[in-house]
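Subject: Structure for you to look at

Hello,

Here is the structure I said I would pass on.

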Amino acid sequence: TVRQLPVAGVVEVARHFGAALPKQLSLEGSLEGAIGFSRDAGLQGQVLVRDVSVSAPDAPELKIEHARIEVDRDRVHAAPFTIETGAGRAAQVEADFRTGAQTLDLLVASRGLAADDLRSASEMFGAPPIPLLAACEDGTWKGWVRYRREGAAEGLWTGAVELLGVRLAVDGLSEPVLLRSASAQIDGGKLVLSRLRAQAGQIAFEGEYRHEDGAARPDRFRFSVPEAGAAELERVFAPTLRRQGGLIARTLGLVRASVPDWLAARHAEGSIEIGTLTAPDLRWEKLRARLAWTGPTVEVAELVSVWSQGKLKAKGSISLASVLPVYRLQGRLDGFSWRGAAIDADGRLETVGSGVELLQNLKSAGTCSAADVPLSEDLECPIAKGRYEIFFRRGTPQLKLTSIEVALGDEVYQGQGASLA
């Protein structure tokens with residue numbers, strides 16, 4: 001029988017019996033009760049812990065007013081009890097530990113708890129960080145999580161939680177993503193974020209994200225963006241798109257750069273829809289893209305958009321292996337409206353860099369045709385076709401046309417042309 005026994009001493013005993021409690025974990029409080037031992041029944045009894053405070057480095061302090069712990073042979077069971085945080089939030093906790101088999105079963109449920117509070121609760125029982133929640137800052141979650149470990153095998157978390165106002169740091173982005181709300185399902189190495197409403201910088205988006213350990217592409221996503229500016233997209237993805245290099249490297253853009261570990265390890269697949277994407281004097285609508293991201297290479301399996309009443313359909317790639325990103329596209333544009341004419345084009349495009357560099361480094365070549373081309377107020381060309389080449393020279397766009405055929409009435413004219421240098 002014990003009365004007012006300091007909890008700190010019991011923690012050391014628990015470690016001796018195999019409880020994987022962090023060395024930095026500090027517990028204060030007292031316990032009272034009775035535990036007996038017999039050769040046939042082993043350890044038997046129960047104790048009541050009171051006024052316990054739990055603290056760990058870089059984590060908020062937790063308080064337990066009282067909790068009942070039952071001992072039956074090699075089983076130590078903590079009946080459901082309440083953990084309170086300094087912010088006035090609370091969680092219900094239940095735990096079961098067997099010293100012989102070294103099994104741990106931990107259940108935490110809450111109607112509203114900060115991510116930091118949950119980390120402290122899991123550390124108190126020697127459980128590892130919870131996938132996703134371990135990287136979250138600010139905000140709250142509600143729902144339940146459960147951790148189970150058997151012997152030397154790696155333990156697994158399961159659970160169903162709602163995330164509200166959480167900030168999540170993502171490698172390759174210039175600032176954390178704000179998860180305004182999301183439903184998370186955790187099942188060992190599998191994670192599903194559904195009903196996702198989030199924001200990266202000034203870009204709001206919705207959708208779904210899935211992760212599965214061991215899969216060929218562990219990360220899968222489906223995002224929908226109502227509207228976005230190209231400049232803001234580049235700013236948010238700046239750590240992914242641009243890496244350090246000297247003046248010559250930045251100018252040429254093709255000098256290979258060291259690939260960070262997080263980028264080399266990235267294997268993702270998904271789709272993105274953008275209602276309206278804007279850049280200076282440019283506007284794309286109903287943009288859809290299917291992507292396969294493998295390390296420093298992003299394959300664009302399909303890119304579809306409406307551009308100046310025309311329909312764009314393309315595929316290509318983005319290389320992130322150099323100091324600056326390299327974009328390559330092959331596709332077709334139908335019905336592009338320009339000065340009263342409807343233009344169709346089939347060709348390839350390549351450019352390097354970001355912002356204004358994308359235009360200055362742009363190169364494109366292919367075939368084109370135009371219908372109803374106005375030549376003057378009284379003359380219209382019903383059809384024209386040929387080959388085109390677009391590039392920039394000293395910052396000035398250049399257009400070169402070859403194998404031109406122009407139909408005027410019953411006559412067909414052939415020729416070539418180019419913009420003035």
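**Salt bridges**

Arg75 and Asp96 form a salt bridge, and their closest N and O atoms are 2.7 Å apart. Arg75 belongs to strand E5 (residues 75–85) and Asp96 to strand E6 (residues 90–98), so this pair ties together parts that are 21 residues apart in sequence. Please keep in mind that the model is predicted. Side chains of opposite charge can pair when their charged atoms come close.

Are the two partners buried or partly exposed? Arg75 has 27% relative accessibility, so it counts as partly exposed. Asp96 has a relative accessible area of 15% and is therefore buried, because buried means under 20%.

A search of the whole structure finds 18 salt bridges. Another of them joins Asp105 to Arg148, with 3.7 Å between the closest N and O atoms. This pair links distant parts of the chain: Asp105 is in strand E7 (residues 103–114) and Arg148 in strand E9 (residues 140–150), 43 residues apart. Asp105 is partly exposed, at a relative accessible area of 23%. Arg148 is also partly exposed, with 48% relative accessibility. Through salt bridges that share partners, Asp105, Arg146 and Arg148 are joined into one network.

Glu70 forms a salt bridge with Arg68, and here the closest N and O atoms are 3.2 Å apart. Glu70 counts as partly exposed at 27% relative accessibility, and Arg68 counts as partly exposed at 37%.

**Aromatic rings**

How many aromatic pairs does the structure hold? There are 5. In one of them, the ring centres of Phe221 and Phe223 are 5.4 Å apart and the planes are at 20°, so the pair is stacked. The reason is the cut-off: planes under 30 degrees apart count as stacked. Phe221 counts as buried, at 16% relative accessibility.

Trp284 and Trp307 also form an aromatic pair, with 5.9 Å from centre to centre and 45° between the planes, and this one is tilted. The pair links distant parts of the chain, since Trp284 is in strand E16 (residues 282–294) and Trp307 in strand E17 (residues 297–307), 23 residues apart. Trp284 counts as buried at 18% relative accessibility, whereas Trp307 counts as partly exposed at 25%.

**Surface patch**

Ile35, Phe37 and Leu43 form a nonpolar patch on the surface, and together they have about 310 Å² of accessible area. Ile35 is part of strand E2 (residues 26–38) and counts as partly exposed, at 42% relative accessibility.

**The whole protein**

The protein has 7 helices and 24 strands. It has 421 residues, of which 37% count as buried. Of the contacts with a separation of 6 or more, 41% are between residues 24 or more positions apart.

Regards

Key: Residues numbered from 1 in each chain as written. Predicted model: local features only at pLDDT ≥ 70, side-chain atom pairs only at ≥ 80, totals over all residues. Heavy atoms only, no water. Patch = residues over 30% accessible without salt bridge, like charges linked within 9 Å, V, L, I, M, F, W, Y side chains within 5 Å. Areas by Shrake-Rupley, 256 points an atom, 1.4 Å probe, with all protein chains shown as cover. Salt bridge = Lys/Arg side-chain N within 4 Å of Asp/Glu carboxyl O. Helix = DSSP H or I, 4+ residues; strand = E, 2+ residues; numbered from the N terminus. Buried < 20%, exposed > 50% of the residue type's maximum accessible area, 1.4 Å probe, protein only. Phe/Tyr/Trp six-rings, centres within 6.5 Å; stacked < 30°, edge-to-face > 60°. Contact = heavy atoms within 4.5 Å.
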